[in-house]
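Student: I have a new model open and would like to learn how to read its features. Could you walk me through it?

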Amino acid sequence: MKKRQHGSNQVPRDLLLLLVIVGLYFLSISLSNTFVNIYMWKQSKSFINIGLYNLMIVIFQPLMFLVGGQLAKKVDRIIVLRLGIISLGCFFITVLLLGSKASSMTLLLGSIIGMGFGFFWLAFNVLTFEVTNPSTRDFFNGYSGLLSSFSGIICPFSAGWIISKMSDSIGYKIVFAISLLLFGLAIFVSFFLKKRPASGVLAFRTILNERKNNKYWRAVLRASVSQGLRDGVYLFIVVIWIYSTTNSEFALGTFGLVESSIMSVGYFLATKVLKPKYRKRMILIGSLLMYMGILLIVFDLNFRNLMIYAVFASSAYPLLLVPFLSMTYDVIGKGWKAGDYRIEYIVVKELFYNSGRICSITVFLICMKIFGSSMFITRVIILLAALGYVGIYFFVRKIPIPITSMKSVSMPNPQKGKVN
């Protein structure tokens, strides 16, 4: 297998191919996904409608993690990756076919794209664990983030320009068609990945109960819930605020351009200068910067403040996410029977993350139902949800760094042999 040099370490070919696949995924999703929320918002003008769409996403995503996890134990996880990409392609085809009726089918659309996200990210996270090690993890997570931010630079801006220059129907059709092409390329590249078959059944309950034995695993799961509490409502509220303030897809694309341009620099620097001993400090700094940024737009919502928020958020996100992801994979790597149960660890982690997102969006929908589309209530929810990132530091602060000082958990597991 050919390898490239990264410092004193060799970078496996499969690691680079996985970066190509996630890069194509980010290009496609960045091009279209943001504008699906706007597409349906323009049809319904309802926060409840958009909230239900996003709720279905975060419900079906963890369900497909369970289904995909079981499939990954029985068939090649590369197949699970392709199932995710195919589902995402079907989603955009469905949106095109529904046209002006899309906003009346939010539950269906949210379910389809949630399935795609679930299959794709289950396979991607498992493959990430398998093709990286502690010495290449920051490199991989950093460059994955760099690809994400690069996609965010060119795609929303380009999509916004296309839609603004053409009638909505033609512009959206072109954007969605390009996304489908990129998904097709991602499937093609996946055929060059080394086959990774597995056997057995998904021992979900075994690893779920492992949190009782491994305090570091328990800390990662709690931090994941906290992360989800913030990400749930932020999936759509900020995007709707930007469009409502400017009434322009092009302005939304410009916001994405600024945010992702700065973020790409942050991810690049993270891959070059971030050392394991600074991980927890960077998580704290990143979470506080994110909160400072949201204070700007909560109390004075205008496009200027939205752009300043973009600067804060894009500067802080790499500081927080790269070290947190690396710590998560390192904790899993040192966990009880991680080699045998790596898929189960990923599934359980994502279920906790999505439980936070479900809780966040559900609370938002209940408040909207009780109080109506109140800007005051929306602001309160945004402020409370933003504390989720601060909570990440609170939960991971006692995980030892460097992670190699952590002893592997080898105590008997009381749930050994149980399967769910």
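**Salt bridges, cavity and surface**

Tutor: Happy to! Arg279 has a relative accessibility of 2%, so it counts as buried. Keep in mind that this is a predicted model.

Student: Which residue forms a salt bridge with Arg279?

Tutor: That is Asp330, with the closest N and O atoms 2.9 Å apart. The two come from distant parts of the chain: Asp330 belongs to helix α12 and Arg279 to helix α11, 51 residues apart. Asp330 is at 3% relative accessibility, which is under the 20% limit, so Asp330 is buried.

Student: How many salt bridges does the structure hold?

Tutor: There are four. Another one joins the side chains of Lys42 and Glu249, at 2.9 Å from N to O. Here too distant parts of the chain are linked, since Lys42 sits in helix α1 (residues 13-44) and Glu249 in helix α10 (residues 249-273), 207 residues apart.

Student: Are Lys42 and Glu249 buried or partly exposed?

Tutor: Lys42 has a relative accessible area of 28%, so it is partly exposed. Glu249, at 8%, is buried. One of the salt bridges also pairs Asp231 with Arg230, their closest N and O atoms being 3.3 Å apart. Both Asp231 and Arg230 are buried.

Student: Now for empty space. How do I look for it?

Tutor: Rolling a probe the size of a water molecule over the atoms shows where empty space is left. In this structure, a search finds two cavities of 30 Å³ or more. The second largest cavity holds about 40 Å³ of space.

Student: Which residues line the second largest cavity?

Tutor: Among them are Arg230, Tyr234, Ser287, Met290 and Tyr389. The elements that give two or more residues to this lining are α8 (215-234), α11 (279-299) and α14 (375-396). Helix α11 gives the most, with four residues. By class, the lining has seven nonpolar, one polar and one charged residues. Arg230, from the salt bridge with Asp231, is part of this lining.

Student: And the surface: which residues form a nonpolar patch there?

Tutor: Met166, Ile170, Ile174 and Ile178 do, with about 290 Å² of accessible area together. Ile170 lies in helix α6 (residues 168-190), and its relative accessibility of 41% makes it partly exposed.

Conventions
Residues numbered from 1 in each chain as written. Predicted model: local features only at pLDDT ≥ 70, side-chain atom pairs only at ≥ 80, totals over all residues. Heavy atoms only, no water. 1 Å grid on protein atoms, 1.4 Å probe; cavity = no way out; pocket = protein on both sides within 12 Å on 5 of 7 lines; lining within 4 Å. Points joined across faces, edges and corners; volume = space filled by probe spheres on them. Nonpolar A, V, L, I, M, F, W, Y, C, P; charged D, E, K, R; others polar. Patch = residues over 30% accessible without salt bridge, like charges linked within 9 Å, V, L, I, M, F, W, Y side chains within 5 Å. Areas by Shrake-Rupley, 256 points an atom, 1.4 Å probe, with all protein chains shown as cover. Buried < 20%, exposed > 50% of the residue type's maximum accessible area, 1.4 Å probe, protein only.
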